[in-house]
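Student: Could we go through this structure together? I would like to begin with the terms.

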Amino acid sequence: MSIARTRAAGLAGKAAAGTGPGPGFHCQECGWSAVKWVGRCGGCRCWGSLVERPPAAARPVVASLDGPAALPIGQIDTGAADARPSGVGELDRVLGGGLVPGAVALVAGEPGIGKSTLLLDVAACSARSGLRVLYVAAEESAAQVRLRAERIGAMTAGLFLVSETDLARVIGQARLLRPDLLVVDSVQTVSSAALDGAAGNIAQVRHVAAHLIAEAKDHDMTTLLVGHVTKDGSVAGPRTLEHLVDVVVHFEGDRHGRLRLVRAVKNRYGPTDEVGCFEVGEAGLVGLTDPSALFLSSRDAAVPGTCVTVTLEGRRPLVAEVQTLLTRTTCPAPRRTTSGIDSARVAMLLAVLDRHLRLPVRDLDCYVSSVGGVRIGEPTADLAIALALASSVQDAPLSTGLVAFGEVGLAGELRPVTGLQRRLTEAARLGFATAVVPTGSHQPGTDPPSLRVVAVPDLLSALGAATQPLAGYSTTCHADR
């Protein structure tokens, strides 16, 4: 008998005897185990997450026929998964139609980004539609939440409010009121007396979430949990928390800007490629059905150094404007400052302009920014950034009503982009006259009637199509340097 078979037989004998394997160390994040303690988990690579915990003794499995019987898939009733609108259209877009009875959603975001304001608005809108809503404030007092509700217009009779941090009392309030919607703000601040340790540690978060999820499933109670995030943007607590819930939603945005974005990272009841847009105002968060106006400047005359592009946030096209400024410097090392745009992409585009178009950009200070505080991370915006840089260094504005999108390669070529028709349709809807696109992405005959589409193979051709040639600048390719 081989060594592997001998070891397997020994473990099976121990399991049958009810003793199980000896005690070991287990990761609180992912469940990875080791015979001895190590500083870093071999599964999730977290530091200091291993604790000593003897495994439970193995018990024999007894077959049971309790519970619902298996049915043909065509006879399964789908009514339990029907979503009902929450009253906040942008959130319903992300969730796939609204809130599903019995579903548990985790809403994560940075501190002060507006998670509590958004969920308080959702709670009020749901209460106005006839649902019974319980809002559990575990971070604030009930008076503080009421003041916010008065400020954003969330005062309604069907909304019940309690300030509580004990899990047993939270579940008791839920069983007493039998709400259709339960909001817990936040899951990291609720603790259970059945476990040792302060609120927010891994064991407490897992225990609290498991009991709240069980209550939601047993009573068809939609539950929204607010979750904190760590400094790297991930949800704080055990990774199993995101696996247990049905929906994980991230609330993003610049705290100093007006725009807020809601993205679904996980959704068992709908798509994960939709984005909801909100604007921060005096009366709270306002949904934006057409957010492109936030990302465009309000001037009428064309100025050098600006270009408009169309990005895709999920399946949603958003028009964004890029502004650049290149100016002389007296410093030996020119500055490269960006806002809302990846600085590494800007540095690459400057090198392409210097090498293939021979534009004098290497000794100039470079400032690149997006209008409205939106973050442009798509490589499709490379062409718009490069055209804006070339326009700034030549001090010549691009053609009026121009929009451009395409990924720029290191050889100056333009690579194909995805979602071209959606980008063109959005540009035509907003009144743009000309679109410069990569040749590999364009399909003649499918363009919007009001939009002239110019397909070009490289950056040099794109610059020639976007502006008139200037004195001293040739539109022919420079093969030698």
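Tutor: Buried means under 20% relative accessible area, exposed means over 50%, and partly exposed lies in between (1.4 Å probe, protein chains only). The model is a predicted one: local features need pLDDT of at least 70, side-chain atom pairs count only at pLDDT 80 or more, and totals for chains, interfaces and linings use all residues. Residues are numbered from 1 along each chain as its sequence is written, and side-chain values use heavy atoms, with hydrogens and water left out.

Student: Are Phe251 and Phe278 buried or exposed?

Tutor: Both Phe251 and Phe278 are buried.

Student: How many aromatic pairs does the structure hold?

Tutor: The structure holds one aromatic pair. The ring centres of Phe251 and Phe278 are 6.3 Å apart and the planes stand at 75°, so the pair is edge-to-face. Rings of Phe, Tyr and Trp (its six-membered ring) pair if their centres lie within 6.5 Å; planes under 30 degrees apart are stacked, over 60 edge-to-face, and the rest tilted.

Student: New topic: how many of the residues of strand 8 are buried?

Tutor: Six of the six residues of strand 8 are buried, so this strand is largely enclosed by the rest of the structure. Thr222, Leu224 and Val226 point one way, while Thr223, Leu225 and Gly227 point the other way.

Student: And which strand pairs with strand 8 over five bridges?

Tutor: Strand 4 does, in the parallel sense; two strands pair if DSSP finds at least two bridges between them. Val104 stands opposite Thr223 in strand 8. Strand 7 (residues 181-185) also runs parallel to strand 8, joined by four bridges, and there Leu182 has Thr223 as its bridge partner.

Student: What about cavities of 30 Å³ or more, how many are there?

Tutor: The count is three. On a 1 Å grid over the protein atoms alone, a cavity is a set of points where a 1.4 Å probe fits but cannot get out, and lining residues have an atom within 4 Å of a point. Grid points are joined across faces, edges and corners, and a volume is the space filled by probe spheres set on the points.

Student: What is the volume of the second largest cavity, and which strand gives the most to its lining?

Tutor: Its volume is about 80 Å³. Strand 8 gives the most to the lining, with three residues, and strand 4 (104-109) and strand 8 (222-227) each supply at least two. The residues that line this cavity include Val104, Thr223 and Tyr269.

Student: How many disulfides does the structure hold?

Tutor: The structure holds zero disulfides, a disulfide being a pair of cysteine sulfur atoms within 2.5 Å. Cys277 is buried at 0% relative accessible area, and Cys366 is buried at 1%.

Student: One last topic: in which strand is Gln323, and how accessible is it?

Tutor: Gln323 is in strand 14 (residues 316-328). Gln323 counts as partly exposed because its relative accessibility is 30%. Gln323 and Gly305 are 18 residues apart in sequence and 5.8 Å apart in space, C-alpha to C-alpha.

Definitions and conventions:
1 Å grid on protein atoms, 1.4 Å probe; cavity = no way out; pocket = protein on both sides within 12 Å on 5 of 7 lines; lining within 4 Å.
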